[in-house]
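Below are some questions and answers on the strands, helices and aromatic rings of one structure. Please keep the sequence and the model at hand while reading.

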Amino acid sequence: MRINDSAIVERLKELGVELRPAVSLKEKTSLAIGGVTDELLLRRYDTIPQVMRLLADAKIPHHFLGGGTNVLIADGELPWVVLHLPAAHPGMRVEGNSAFVDASADLGGMVTFCAKHDLGGMEGLIGVPGSVGGALRMNAGAYGTQIGPWVREVELYRAASGEVETVRGNDIRFDYRHTSFADDDVMLRVKLELPSKPYKEILAGIKVCNEKRRASQPLNQKSAGCIFKNPPGGSAGRMIDELKLKGHRVGDAAVSDRHANFFVNLANASCDDMRRLIDDVRERVRAAYGVELENEVIFWRN
Ligand SMILES: Cc1cc2nc3c(=O)[nH]c(=O)nc-3n(C[C@H](O)[C@H](O)[C@H](O)COP(=O)(O)OP(=O)(O)OC[C@H]3O[C@@H](n4cnc5c(N)ncnc54)[C@H](O)[C@@H]3O)c2cc1C
């Protein structure tokens, strides 16, 4: 989608938004799949309510893109724009056991920043790529740790009220890869409360998680992490593996040889290749186990 109306373009500029026309989202996602649209870089947090109202009034549909590590995006010309918080100098500070972090920050960067201040608890999140905003939305987690339990407050733009609000951690439901945020909430900042731990001890925990990840995941290939959520009490990867589907492919989309719940883009997979592979594997798991796998990856259609 192109924003061509000169009055809107001018107003966006006044609000500190950088409009990048015709951006290939293939370049912005870890799967390296996605079509073309305008990208709006929201450089000023204070004008976000005005920007969002401008887009709503002009009926410009949008998706909010963090690090692009958990999305599967349609190909071709896209009928919506993407909004993104640039991550050049994210705010991060520590006061006692509290950490205050901008949503644009890199999640791993946040974990190591807190570690350097002797704040632990998030070691398991070290290898989860993407932004703090994306991690909050998804309640990212690994190796027994999720971000949700550490959250004390989230500052967000709430489309329903048109205002920036601060929501208490206790008022947010953080479930397995699902949260109670509204679909159109925009995460801006988070306050976490973390246990004190010596830096060296945290580093040792981080090392263990990094080694586990390297041993089991195709980290040098293009993926979005796990494609499916694990069903209650089960493992999507184990079922796919048992069906001998590692290496199974549709076009350039393939089930990883290394981790059966990671689907990889071998070279030039289209969104359609990846969707057909996902549907095919889901159907085979349903037929064999009577289990309906739910996507963990988020699909943005055209
Ligand atoms: C190699 C690899 C390993 C992975 N391992 C794990 C793992 O162990 N555990 C795990 O949980 N995930 C894992 N993932 C998936 C992914 O990294 C996480 O879901 C991550 O938290 C997504 O963050 P992101 O910034 O990339 O979000 P995106 O992919 O950009 O977006 C995901 C969702 O968050 C929303 N969003 C992003 N930023 C904001 C914001 N500021 N405000 C509102 N909404 C926002 C988007 O609109 C979208 O709905 C892995 C992915 C890869 C590629």
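**Strands, helices and ring pairs**

Six bridges join the antiparallel strands E1 (residues 17–24) and E2. The model is a predicted one.

Q: In E2, what is the bridge partner of Arg-20?
A: Strand E1 covers residues 17–24 and runs antiparallel to E2. Arg-20 has its bridge partner in E2, and that partner is Glu-39.

Q: Which residue in E5 is the bridge partner of Leu-41?
A: E2 is also joined to strand E5 (residues 81–84), by three bridges, and these two strands run parallel. In E5, the partner of Leu-41 is His-84.

Q: How many residues of strand E2 are buried?
A: Buried means under 20% relative accessible area. Strand E2 (residues 36–42) is mostly covered, and of its seven residues the number buried is six.

Q: Which strands stand at the edges of the open sheet of five strands?
A: The sheet has the order E6-E7-E14-E10-E11, with antiparallel pairing. An edge strand has a single partner, so one side of it is left without a neighbour in the sheet; this applies to E6 (92–95) and E11 (163–168).

Q: Which residue in E11 stands opposite Val-154?
A: Strand E10 (residues 151–158) and E11 run antiparallel and are joined by six bridges. The residue in E11 opposite Val-154 is Val-167.

Q: At about what angle to E6 does helix H3 run?
A: Two helices lie across strands of this sheet. Helix H2 (residues 48–57) lies across E10, E11 and strand E14 (186–193), at about 45° to E10. Helix H3 (residues 107–116) lies across E6, strand E7 (98–102) and E14, and its angle to E6 is about 35°.

Q: Why do the rings of Phe-174 and Phe-181 count as edge-to-face?
A: A search of the whole structure finds three aromatic pairs. Phe-174 and Phe-181 have ring centres 6.0 Å apart, and both residues are buried. Planes over 60 degrees apart count as edge-to-face; the pair is edge-to-face because its planes stand at 80°.

Q: How many residues apart in sequence are the parts tied together by the pair of Phe-228 and Phe-263?
A: The rings of Phe-228 and Phe-263 form an edge-to-face pair, with centres 5.8 Å apart and planes at 85°. Phe-228 is buried, at a relative accessible area of 1%, and Phe-263 is buried at 0%. Phe-228 lies in the loop between strand E15 (222–226) and helix H6 (236–242), and Phe-263 in strand E18 (residues 262–265), so the pair ties together parts whose separation in sequence is 35 residues.

Definitions and conventions. Residues numbered from 1 in each chain as written. Predicted model: local features only at pLDDT ≥ 70, side-chain atom pairs only at ≥ 80, totals over all residues. Heavy atoms only, no water. Pairing = 2+ DSSP bridges. Helix = DSSP H or I, 4+ residues; strand = E, 2+ residues; numbered from the N terminus. Contact = heavy atoms within 4.5 Å. Axes fitted to C-alpha atoms, helices over the stretch in contact; angles between N-to-C directions. Phe/Tyr/Trp six-rings, centres within 6.5 Å; stacked < 30°, edge-to-face > 60°. Buried < 20%, exposed > 50% of the residue type's maximum accessible area, 1.4 Å probe, protein only.
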